[in-house]
Amino acid sequence: MFQDKNARITETRSWGNYFLLRVSAPQIAREARPGQFLMIRVSSSLNPLLRRPLSIHNCTASEIEIFFQVTGEGTRLLSKKITGEELDVMGPCGCGFSLKPEFKGREIFCVGGGRGLAPLFFLARELQTIGATPVVFYGGQTLSDLPLKNRLEEAGWETNFSTDDGSYGFTGLVTQLVEQELRNRKPAFLFGCGPEGMMARLADICQLSNLGAEFSLESIMGCGLGACWGCVRKIKKGSEIKYHRICQDGPVFPAEEIVWSGD
Amino acid sequence: MVDLSVDLGFLKLKNPVIAASGTFGYGLEFEPLYDLNLLGGLVVKGLYFKPREGNRPPRLAESPCGLINSIGLQGIGVEAFCHEILPKLAGLQTAVIANVCGEEEEEYARVAEYLSRHRGLAALELNISCPNVREGGMCPAQDPEATYRTVKRVKQVSSLPLITKLSPNVTDITAVALAAEEAGSQAVSLVNTFLALALDIESRKPKLGNVLGGLSGPAIKPLALRMVFEVARKVKIPVIGLGGIFSSQDALEFMVAGASAVQVGTANFVNPLACPEIIKGMEDWAESQGISSLNEIVGSLRV
């Protein structure tokens, strides 16, 4: 865990309401694993006060990328940052996705809804590194919600797109597309990130197909270090349901441990 | 050379900066980021006798320059703390202070008594002021008599120095401070958070699962400073000031207003290095002013 107060922004990209920032933060980059996140100070003033938790979207030897959608004041301020500016970045925080040796030679489904694709790019790269075959699913309401479409296609992984309105790829929900694919393929595992309803539905689908899965959850956070207990949600460990810290015990949890908000 | 140490009478701190309860976990969470021995002290998260579930999320909401929380003192309980955490803290060269909670007077006593049987603690901080555990934010610190009784009861069972943490949600905080002093508290720390509400006009729902929460951060600093000033003029025991301290200047202001030491809370979230940076800033300031000991400025406000 490091705090880099002067992580220089080396690249910015934007697509409507979606943004990508690349920052130079060598210490953090060296330790980062897929599924971990950063706590980023979006303003040098004290308003807004808290850092913002953002998934690590991609990581090289010395640089880290974040991909986000503007959803409030914090992300709006972050979206205004320009190349050359410095960011105060802390990380890598939390526990990442579980990359298991038995994934080697097998297909692994990586399912992202909207901005939920953020942690899955880094994950797919690492899966490839360990000899697994990432199969990416990327869903959104409409084509403009799939800004990373080209990037995924260029990465060379099999990528399946869905839009609610049929403007690109499969017409319907990404969960329906996954369900359809599961009829004739047998991946070794599924990783997902996206809206609560999407992940809850995927958890059901995985359970019916006897497919192991992990999901990355989000929450407003105070510290990102496990100190404040502000980001909790109900998690089931064995027969015991308790509030667990998303920042420390997560943000990635096994599907069977998550108590979905609709339950 | 500036002497940063402060003497609270019952406890000598290497510098006046203490990490505040509830913002610093059980002490070890910040260890990956800096050497905890730099701190004057640290107060661990509030401890009840048994593990505690805490409040329904969402537990955090921001307001301008402020944070409203309703954690509800989720925690591991005093037994797990003493066996799993305290041995790891005992080797630190900083004052480790346990924050003592209770549903009622007897639980405060049980927690304090249990903690006192273990080595490694420099003092207890009596948390009679959390606004998040009872309906409407009620707590013993809202009543001088309840404060007196709780402090007195804890003093009967524990020989550790006692710091009583006060609530700002009262008409006259000095009356509560005097009650704590009279009951034998060796210091008071103030202020805990201000009872607050955040809501969403579209959904017409409160932003916090527990409806009300406690406001902290820079937004409360002038209010906290005023209360420290008022209390320091009334009591003879040392006052530990807290409430929105984010910089060395803030910390120095509290000392000038009468605080012998300070606690840094919410700032730990915004800048995890807040405590060591504040210590360094205070040292640099004292040096630039030709002040040899920070004790010189305590209560030096010219009015």
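Select F2(A) and G91(A): F2(A) stands opposite G91(A), which lies in β7(A). This is a predicted model, and its scores are ipTM 0.94 and pTM 0.95.

**Stop 1: β1 and its two partners**

Show β1 (residues 2-15) and β7 (residues 86-93) of chain A. The two strands run antiparallel and are joined by five bridges. Move along to A7(A). Its bridge partner in β7(A) is L87(A).

Pick R8(A) and look across: S24(A) in β2(A) stands opposite.

Follow the chain from β1(A) into β2(A). The two strands form a hairpin with two residues between them. Select G16(A) in that turn; its phi is positive, about 60°.

**Stop 2: the whole sheet**

Zoom out to see the sheet. Which order do the seven strands take? In chain A they run β4-β3-β7-β1-β2-β6-β5, in an open sheet with antiparallel pairing. Strands of a sheet pair through backbone hydrogen bonds.

Colour β4 (52-55) and β5 of chain A. Both stand at the edges with a single partner strand each, so one side of each has no neighbour in the sheet.

**Stop 3: between the domains**

Colour chain A by domain: residues 2-93 make up domain 1, and residues 101-216 make up domain 2. The C-alpha centres of domain 1 and domain 2 of chain A are 24 Å apart.

Select the contact between them. On the domain 1 side of chain A, 13 residues take part; on the domain 2 side of chain A, 12 residues do. Two strands to highlight on the domain 1 side are β5 (58-59) and β6 (63-69) of chain A, each supplying at least two residues. The largest share of that side, three residues, belongs to β6(A).

What is the make-up of the domain 1 side, in nonpolar, polar and charged residues? Seven are nonpolar, six are polar and none is charged.

**Stop 4: L127(A) and helix α3**

Select L127(A). L127(A) sits in helix α3 (residues 118-129) of chain A. Is L127(A) buried or exposed? L127(A) counts as buried, because 27 C-beta neighbours fall inside 10 Å and the cut-off for burial is 20 or more.

Show what surrounds L127(A). Beyond its neighbours within four places in sequence, L127(A) is in contact with L99(A), F103(A), I108(A), A132(A) and P134(A). For a distance check, pick C110(A). C110(A) and L127(A) are 17 residues apart in sequence, and their C-alpha atoms are 10.0 Å apart.

Buried residues of α3(A) include A118(A), P119(A), L120(A) and F121(A). F122(A), L123(A), A124(A) and L127(A) are also among the buried residues of α3(A). Step past the end of the helix to G131(A), which follows α3(A) and has a positive phi, near 90°.

**Stop 5: where the chains meet**

Bring chain B into view. Chain A contributes 22 residues to the contact and chain B contributes 29. On chain A, select β14 (232-237) and β15 (240-245). Each of these strands supplies at least two residues of the side that touches chain B. The chain A side divides into 14 nonpolar, five polar and three charged residues.

**Stop 6: each chain as a whole**

Chain A has six helices and 16 strands. Its C-alpha atoms fill a box of roughly 50 × 45 × 35 Å along the principal axes. For 263 residues, a compact globule would have a radius of gyration near 18 Å, and chain A agrees at 18 Å. Of the 263 residues, 51% count as buried. Of the contacts in chain A with a separation of 6 or more, 63% join residues 24 or more positions apart.

Switch to chain B. Chain B holds eight helices and 16 strands. The box for its C-alpha atoms is roughly 55 × 50 × 40 Å along the principal axes. A compact globule of 303 residues would have a radius of gyration near 19 Å; the value for chain B is 18 Å, which agrees. In chain B, 60% of the 303 residues are buried. Residues 24 or more positions apart supply 72% of the chain B contacts with a separation of 6 or more.

Finish by colouring chain B by pLDDT. Its mean is 96, and 99% of its residues reach 70 or more.

Key: Residues are numbered from 1 along each chain as its sequence is written. Chains are lettered from A and ligands numbered from 1 in the order in which they are written. This is a predicted model: local features need pLDDT of at least 70, side-chain atom pairs count only at pLDDT 80 or more; totals for chains, interfaces and linings use all residues. Domain bounds come from an automatic or database domain assignment. Two residues are in contact if their C-beta atoms, placed from the backbone, lie within 7 Å. Helices (H or I, at least four residues) and strands (E, at least two) are DSSP runs, numbered from the N terminus. Ala, Val, Leu, Ile, Met, Phe, Trp, Tyr, Cys and Pro count as nonpolar, Asp, Glu, Lys and Arg as charged, and the others, Gly among them, as polar. Two strands pair if DSSP finds at least two bridges between them. pLDDT is the predictor's confidence in each residue, from 0 to 100. A residue is buried if 20 or more other C-beta atoms lie within 10 Å of its own, exposed if 12 or fewer, and partly exposed in between; C-beta atoms are placed from the backbone. The radius of gyration is taken over C-alpha atoms; the globule rule is 2.2 Å times the number of residues to the power 0.38.
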